[in-house]
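Please look through the sequence and the fold below before reading on. The paragraphs that follow go from the overall layout to the cores and then to the pockets.

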Amino acid sequence: MELSRMWMTGLYGVAVLGKVLTLVWSAVTLPERVASHFGASGAADGWSSRTDYLVLNVIITALIVIGFPAIGLLATRGSGTALSIPHKEYWLRPENRAELSRRLTSDLAFFAAITTLLLAWIDVLVVRANQSQVPSLGAASCVALGAYLAVVLIWTVWMMTKRYAPPQG
């Protein structure tokens, strides 16, 4: 396994483990009535039961953790006409399909990992918010979201300009 793939597998594993740990922590820490929705100001504006919050959290996490990489595998099946990637004609050649599938799966696993890490951090913020008199996410949620969006933007630009450029030579 090449180094970048090992790194990606490690990041994915750490993200999933981190999310599982924050879910367990949330299950034992959150009150029965949970401030579960927060407005743009960070103040709580919606409530749910702990069970409902956790069930929805697990469903969303499973869809991301399983769904993102699965899309990478499924996207290269068939004709590939629905794909929107740079140098599509190069990547859809039979001799390049396996590498395209590997790259797409890896890239979507990366997006799954960083999204899962964001959701784990949100778990931490939700627990902390529910421990205060007036539940609020605070500035940490904006910092986390800003960092997430910056990483998504940087990774997307890299994919569009470098990652899917045909090899030279």
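Helices (H or I, at least four residues) and strands (E, at least two) are taken here as DSSP runs, numbered from the N terminus. On that basis the protein has five helices and two strands, and from the N terminus on its elements run α-β-β-α-α-α-α. This is a predicted model, in which local features need pLDDT of at least 70 and side-chain atom pairs count only at pLDDT 80 or more, while totals for chains, interfaces and linings use all residues. Residues are numbered from 1 along each chain as its sequence is written, and side-chain values use heavy atoms, with hydrogens and water left out.

Along its principal axes the C-alpha trace spans about 65 × 30 × 25 Å. Of the 169 residues, 39% count as buried, where buried means under 20% relative accessible area, exposed over 50%, and partly exposed in between (1.4 Å probe, protein chains only). Taking contact to mean heavy atoms within 4.5 Å, 68% of the contacts between residues at least 6 apart in sequence join residues at least 24 apart.

The two strands can be taken together. Two strands pair if DSSP finds at least two bridges between them, and E1 and strand E2 (residues 44–49) pair in the antiparallel sense over five bridges. Within this pairing, Val 34 has Ser 48 of E2 as its bridge partner. The two strands form a hairpin with five residues between them, and in the turn Gly 42 has a positive phi of about 95°.

In soluble globular proteins, nonpolar side chains tend to be buried together. A nonpolar core is defined here as a set of buried Ala, Val, Leu, Ile, Met, Phe, Trp, Tyr and Cys residues joined through side-chain atoms within 4.5 Å. The largest such core has 21 residues, of which Trp 91, Leu 100, Phe 110, Phe 111, Trp 155 and Tyr 164 touch the most other members. Helix H1 (3–29), helix H3 (88–91), H4 and H5 each supply at least two residues of this core, and H4 gives the most, with eight residues. Leaving aside neighbours within four places in sequence, Leu 100 is in contact with Thr 76, Leu 83, Ile 85, Trp 91, Leu 92 and Tyr 164. Apart from this core lies another, of 12 residues, among them Val 34, Tyr 53, Leu 54 and Leu 125.

What surrounds Asp 123? This residue lies in helix H4 and, at 1% relative accessibility, counts as buried. Beyond its neighbours within four places in sequence, Asp 123 is in contact with Lys 19, Thr 22, Leu 23, Trp 25, Ser 26, Tyr 53 and Asn 57.

The pockets come last. On a 1 Å grid over the protein atoms alone, a pocket is an open set of points where a 1.4 Å probe fits, with protein on both sides within 12 Å along at least five of seven lines, and its lining residues have an atom within 4 Å of a point. The largest pocket is lined by 13 residues, of which Ser 36, Tyr 53, Ile 60, Leu 119 and Ile 122 lie nearest its centre. Strand E1 (33–38), helix H2 (50–75) and helix H4 (97–130) each supply at least two residues of that lining. The second largest pocket has a lining that includes Phe 38, Gly 42, Ile 122, Leu 125 and Cys 142, and the elements giving two or more residues to this lining are H4 and helix H5 (139–163).
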